[in-house]
Amino acid sequence: MMSKFDKITRQQWLVLSAAWLGWVFDSMDSTIFAMVMSSSLQDLMGRTASKADIASHGGIILAIFLVGWALGGTLFGTLADYFGRSKTLAISILIYAVFTGVAALSQSWEQLAFFRFLTALGIGGEWAAGSALVAESFPDRYRTKVLSIIQSAWGTGFFLAALVNLLVVPWASAHQFTPWRAVLIIGILPALFAAFVREKVREPEKWLKVQKKRENLKLSETSIVNNKDLTVLTLKQLFWPELRRDTIVGTLLAFSAIFGLWAVTNWTPSFVEELLRVHQTSEALISNYKSYAIMALNLGAILGYVVFGPIADRLGRKNTFLIFFLGSLLLAPAIFYNVTNYTTLLLLLPVLGFFNNGIFSGFPIYLAELFPTRLRATGQGFCFNFGRILAASGPLFTGFLVSSLGSYAKAVTAVSMIYIVGIITLFWARETKGKPLPD
C-alpha cells in the first residue's frame, strides 16, 4: 500500500488526516443522537409517550436535522469557494462539536430539535469543505483512492458513536447522570480538533490560483462582463446551461442515497429495540445490542467506502453507482421485512451497510469531477445537501408509516423503494472515469 502512495507529500498526508478525522467526528456527533433518540424523547416527553409518539417526534427531529445539514452544506460550501477550504473546515467542525454538547442541556423536545439543527449546519459544512480540500490537494492518480478513504471515516465515526454509547451509558447510570445527556456531552470534544486544522492545514494550490485571479480582477479595470465566471455568485453558476444537467443529476443521486440511508438504516436501533422487546429483553441489554448492530452495519459500510473508488476506476462511475443502488434496493426489504432473529440481523447488516452506506464514497469522487475549481465546493455542497433537503421527508415519512403500518419493519420496507429513483437518474449522468478535475 505504501509504495502506491510514496510520492505523497507531508502536507498532503496532513490534509488527508485532518479531513478524515473531521469526518470521523462529524459522523460520531451525527450518530450518537440516533443511539439515544428513543431514550431522550421518552425522558423529555414523559413515560406516557407511546411508540408512535416517539417515532413521529423522532422523525420530526431527524427531518429538521437534515434540513440544517443541507443548509449548512450549501452555505459553507459557497463560503469555502470564496474564503478557503481549510478555514471553512475548521469553523464547521467547531460548530457541530459545540452544539452537540449543548444539546445535552435540552429541557424539551423542541429545544433538542433546535440544537440538532445548529449541529447539522456544521456537519453539512464539514463535508463540503473537506471533500473539496482533499480532491484539490491530490494528483489525479490518487484522487479516487484517497476520497474513498475519506468516506470510510463515516463508518469509523459510527463505531466511535457505538463505543461511546457502550461505555458512557452504564457509567452515567452508575453515577446518577442521565445517560442520553452524558452521551451528547461527549460530542463536544472534537471542538479541540478545529484549532489544529486552522493552524496546520494549508489551502490547495488549485484554489489559491482561482482566488488570486479574483483578487487581481478587483484591482484591474477589466470588464466584469468578460469575467462572469469569477464575478457571478457561484451558486447561481450551477444553473448555467453548461452545468445545469450535472447539478440536477448530482442532486437526484444524492437525494436517493440520503433518503435511503435516513429512512432505512438510521432506524436500525429502533428496529433492534422492536425486535427484542417481544422477548422481554432488559433495557441494559437492548442498549448494548443496539451498539453491536450499529457496529455490524458499519463493518460492511467501511469496506464499501474503501472499495467504491477502486471499483469506480475499473468499471466507471455510473456502473459502480448502479451496483450499489441495486444492492441497497434488494437488501433493505429482505432484511427488515423478513428477519425476526437478532443473530441473523447481525450477520446481514454488514452486507446492507456495504451497499447503502458504501455508495456515499461515490459523491466526493463524482461531484468533484463535475464542477470546476472556482465553484467546486459550492457544487458539491449544493448537490449533496440540496438532495438532503429533499430527503428530509424520509424520516417523517418513515415515522408516519410506523404509526400507520404498526412496525418499523413494514415502514422501512416501503421507503426502500426510493433507490429506484437513483437507478433511473443514472441514464442522464455523465461518465467521468479517467478525466482530470476540471479547472
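Predicted model: local features only at pLDDT ≥ 70, side-chain atom pairs only at ≥ 80, totals over all residues.
**Stop one: helix α17.** Select residues 376-391, which make up helix α17. From its first C-alpha to its last, this 16-residue helix reaches 22 Å, close to the 22 Å expected at 1.5 Å a residue. Now bring the rest of the structure back into view.

Searching the whole structure turns up 23 aromatic pairs. Pick F255 and F259 to see one of them: their rings sit edge-to-face, 5.7 Å centre to centre, with 70° between the planes. Both belong to helix α11 (residues 241-263), 4 residues apart, or about one turn of the helix. In an α-helix there are 3.6 residues a turn, so residues three or four places apart point the same way. Are F255 and F259 buried or exposed? Both are buried.

**Stop three: a ring pair between two helices.** Next, select F324 and F354, a stacked pair at 5.3 Å centre to centre and 20° between the planes. F324 is in helix α14 (residues 317-338) and F354 is in helix α15 (residues 342-356), so this pair ties together parts 30 residues apart in sequence. F324 counts as buried because its relative accessibility is 1%. F354, at 18%, counts as buried too, since the cut-off is under 20%.

How values were computed. Residues numbered from 1 in each chain as written. Heavy atoms only, no water. Expected span 1.5 Å × (residues − 1). Phe/Tyr/Trp six-rings, centres within 6.5 Å; stacked < 30°, edge-to-face > 60°. Buried < 20%, exposed > 50% of the residue type's maximum accessible area, 1.4 Å probe, protein only.
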